[in-house]
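Open the model in your viewer and keep the sequence panel beside it. This tour tells you what to select at each stop.

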Amino acid sequence: MKLYSFFRSSAAYRVRIALNLKGIGYDTASVHLVNDGGHNKLPEFRAVNPQMRVPVLVTPRGDVLIQSLAIIEYLDETHPEPPLLPKDAVAGAPRGGRALAELIACDIHPLNNTSPLRYLKNTMGQEQSAIDAWYHHWVITGFEALEQLIAPGPYACGGEVTLADVCLVPQVNNARRLKVPLERFPKIVSVDRACLALPAFDRARPENQPDAE
Ligand SMILES: N[C@@H](CCC(=O)N[C@@H](CS)C(=O)NCC(=O)O)C(=O)O
């Protein structure tokens with residue numbers, strides 16, 4: 001498998017964790033999202049993914065998969081062990097992996113992603129302090145709900161790692177990098193710590209990637 005990734009991308013981080021959990025080897029094709037205005041905007045990458053975002057996973061038979069949650073669902077179907085998604089729909093709500101994963105991936109992450117933040121700065125002319133306040137606001141709002149929904153642990157949905165953990169750890173990493181105070185979220189911090197003690201999560205950390213800076 002080939003993964004188009006950027007060490008700091010939280011969506012790519014999710015897929016790296018899933019690949020590691022399932023013991024699937026892959027090659028990293030690094031796409032720098034910042035240098036020269038973003039190498040993801042170059043025509044050669046646009047030809048791979050018209051959305052010009054990472055991650056992109058290319059399977060051994062040449063299928064080109066985009067969108068981290070869809071990629072992870074594909075990995076779960078083709079490599080069922082260990083399962084990351086509940087098989088029964090009721091187990092998915094409200095504390096199941098899918099609901100918490102979507103809380104993070106659909107409601108928090110899009111608001112603090114590279115493109116919207118750049119738009120706030122370059123098109124809307126916002127000061128960096130206002131952009132930081134925006135970022136903190138949406139992470140904290142999401143984390144306030146997530147903190148209440150997390151199971152007793154050690155992982156977000158209880159005793160097994162699920163898609164919720166795969167999404168939580170990169171979002172916490174991102175929040176720490178942007179200096180969001182996490183003292184009010186002891187359950188989130190505890191789940192993050194438990195996950196990062198697992199080699200699959202540790203190997204997927206931004207600082208452990210071949211393109212880390
Ligand atoms: N919903 C997408 C989000 C992908 C995404 O936005 N990736 C970011 C990095 S975390 C990206 O490539 N951003 C480039 C840009 O916005 O220009 C997914 O889950 O894969």
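**Stop 1: the whole chain.** Remember that this is a predicted model. Colour by secondary structure. The protein chain has 9 helices and 4 strands. Follow the sequence and the pattern runs β-α-β-α-β-β-α-α-α-α-α-α-α.

**Stop 2: overall dimensions.** Show the C-alpha trace. Along its principal axes it spans about 45 × 45 × 30 Å. The radius of gyration is 17 Å, which agrees with the value near 17 Å for a compact globule of 213 residues. Among contacts between residues at least 6 apart in sequence, 66% join residues at least 24 apart.

**Stop 3: the surface.** The protein chain exposes about 10400 Å², with 56% supplied by carbon and sulfur atoms. Of the 213 residues, 48% count as buried. Now pick out the charges: 22 are positive and 23 negative, and their mean positions lie 3 Å apart.

**Stop 4: helix 7.** Select residues 163–177. This helix of 15 residues reaches 22 Å from its first C-alpha to its last, close to the expected 21 Å. How many of its 15 residues are buried? The count is 12, so helix 7 is largely enclosed by the rest of the structure. Show side chains for some of the buried residues, including Leu163, Asp165, Cys167, Pro170 and Asn174.

Conventions
Residues numbered from 1 in each chain as written. Predicted model: local features only at pLDDT ≥ 70, side-chain atom pairs only at ≥ 80, totals over all residues. Heavy atoms only, no water. Helix = DSSP H or I, 4+ residues; strand = E, 2+ residues; numbered from the N terminus. Expected span 1.5 Å × (residues − 1). Buried < 20%, exposed > 50% of the residue type's maximum accessible area, 1.4 Å probe, protein only. Rg over C-alpha atoms; globule rule 2.2 N^0.38 Å. Contact = heavy atoms within 4.5 Å. Areas by Shrake-Rupley, 256 points an atom, 1.4 Å probe, with all protein chains shown as cover. Lys, Arg positive; Asp, Glu negative; His and termini not counted. Charge placed at Lys NZ, Arg CZ, Asp CG, Glu CD.
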